[in-house]
Amino acid sequence: MLQLRTHLARRLMVYITGSVFSALLINIATQYLALQPILEGTRERSVNAAIDNLAGLISQSLWVYNEDAAEDAAQAMLRDQFISGIVVNDHADLFDFRAGDLADTRHKNPQIEESIRREDLDALTIVVPLIIQSDSNEGRIFNIGTLQIRSDNELINAQVNNLARVTLASTALIILLLQLLIYYLIRKTIAVPMDELSGYVQSYATNLNKDAGRDFPALDHRQDEIGRLFKSFNEQRSELIERDQSLKEHRDALEQTVTERTAELRQTNQSLVDSMDQLKRAQAELIQNEKLVSLGTLVSGIAHEVNTPLGISITASSHLEEELRRTQIELTDNRLTKSGFENFLNECNETVALLTGNLNRAAELIKSFKKVAVDQSSDKVRLVELHTYIDEIVLSLRPRLKRTDIEVHNEVDPLIEVILSPGALAQIITNLIMNSVIHAFNDGEQPGNIWLSASEQEDQLILTYADDGSGMDAQTLKHVYDPFFTTRRSEGGSGLGMNIVYNLVTSKLNGSIDTQSQPGQGVTIRMAIKKVTGSRNE
């Protein structure tokens, strides 16, 4: 209602007024609590003074039977502000005066020797003996009556309450006047200047024009906190304007730099894209060349391998032709004997057997070469009897392996049949075997063993290749799939053998490959190849 959160002057006025009011209330309460015992002490002294001053006069008046004087003295005592009732009586029952709040009482005080004081919650009661000393009877003392005085506590409470009401009224008036004065002073010295400062800040906080808001007479010449706050704001605003100007300059320079760098980056990026395309084309050509080299090696090896049985077959054919010519001459000259003819037949059988064996051997080599060569140059998928096909691949590598002491062990289950790309499989196994021959067994100069095994797991074919060659260290193993990485660069190694294997396994066969090796402990390569479902000849 008073909007104290949004008005500093009102909030300060409430705080100060509350503090003053609290202090005054504490002061009034302290005075109220301290006034009660003070008035009780004053009553004690006033009642004692009244007794000391008028009790003797009442005794003298009763002694001489002057009842009027006795009543006057009692009335004078009753006029004391702290005495509310009085009873005077003699022991001869000749005088009985009652006034105040004891006027209606009927009890008679007995003869006492000493003063009696009674104080309860309602009043203070004092009963004193009326003593007179006779001048004629040798100073004899007579106890002629009693004086009872009652002081009601309400007299003290009434005075305390009256004083409290006066104090509260004066306090309220003082607080009201003080509140008005404080409000006027706060508004003049704080609220109005703060409103002016707030309006100035709102007007120029976001105005970064350095010429705006320089002169403000209401706040320029103040030396107090508000003036210092005004000067501090102007200083910070000036710094902000300078920084804004500097930021604009830096922003413009940065935009220019970014534009230049962007153009350079575009040019560099285009160069990198072009270089990457060239590298990809070069890599594809190198991979294709690597395949062609592998196929060329296979052709030359098969040609050399086929040359032997074909040469033997030609020699055997020439021998058979010579035997046939010699036998015909003997038959024409009638010199052919039974034993000679039998020898001729035996020679023919042996020669035919030799021809048949060597021609079959050549045909088998050519058949294996044809199947592997066609598979390597084709991406078609077909059903493959894995054990038999691996034998054909190993047979196609016989020209390279027969000059070494390396044994290839085909441990694949003959019952495993899978649909896959045989060309990719042939390239993988060829590269792995040749890699082992060159690197693991030092170009075939060292003896060793190579094992090929396979197992089926749900939708995957697990093909494992292992050798007991020299193995690889951790650094070589880390880069074994990297293109162009080779440990025999100086000996003509291209560094693409294992990279081709990796790409064929992961891309062509949709599988994964993991190679484990340690120096001197050979290598184990585990290939998980995803089985192909659908047509057996695509």
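This is a predicted model: local features need pLDDT of at least 70, side-chain atom pairs count only at pLDDT 80 or more; totals for chains, interfaces and linings use all residues.
Me: Great. What is the strand order in the sheet with antiparallel pairing?
Reply: That open sheet has 5 strands in the order 2-1-5-4-3. Strands (E, at least two residues) and helices (H or I, at least four) are DSSP runs numbered from the N terminus, and two strands pair if DSSP finds at least two bridges between them.

Me: Which strands stand at its edges?
Reply: Strand 2 (96-100) and strand 3 (116-119). Each has a single partner strand, so one side of each is left without a neighbour in the sheet.

Me: And how do strands 1 and 2 pair?
Reply: Strand 1 (residues 85-90) and strand 2 are antiparallel, with 5 bridges. Asn89 sits opposite Asp96 in strand 2.

Me: Which strands does helix 2 lie across?
Reply: Helix 2 (residues 67-78) lies across strand 1, strand 2 and strand 5 (141-152), at about 25° to strand 2. Contact here means heavy atoms within 4.5 Å; axes are lines fitted to C-alpha atoms, for helices over the stretch in contact, with angles from 0 to 180 degrees between N-to-C directions.

Me: Switching to the mixed sheet: what is its order?
Reply: The order is 7-9-10-12-11, again an open sheet of 5 strands. Strand 7 (406-410) and strand 11 (512-517) are the edges, each with a single partner strand.

Me: How do strand 7 and strand 9 run?
Reply: They run parallel, and 5 bridges join strand 7 to strand 9 (residues 448-457). Asn410 stands opposite Leu452 in strand 9.

Me: What does helix 9 lie across?
Reply: Helix 9 (residues 422-440) lies across strand 7, strand 9, strand 10 and strand 12 (523-530), running at about 20° to strand 10.

Me: New topic: which residues form the nonpolar surface patch?
Reply: Leu173, Leu176, Leu177 and Leu180, with about 400 Å² of accessible area together (Shrake-Rupley, 1.4 Å probe).

Me: Where does Leu173 lie?
Reply: Leu173 is in helix 3 (residues 153-204).

Definitions and conventions
Residues are numbered from 1 along each chain as its sequence is written. Side-chain values use heavy atoms; hydrogens and water are left out. Patches are made of residues with over 30% relative accessible area and no salt bridge: like charges are joined within 9 Å, nonpolar side chains (Val, Leu, Ile, Met, Phe, Trp, Tyr) within 5 Å. A salt bridge is a side-chain nitrogen of Lys or Arg within 4 Å of a carboxyl oxygen of Asp or Glu.
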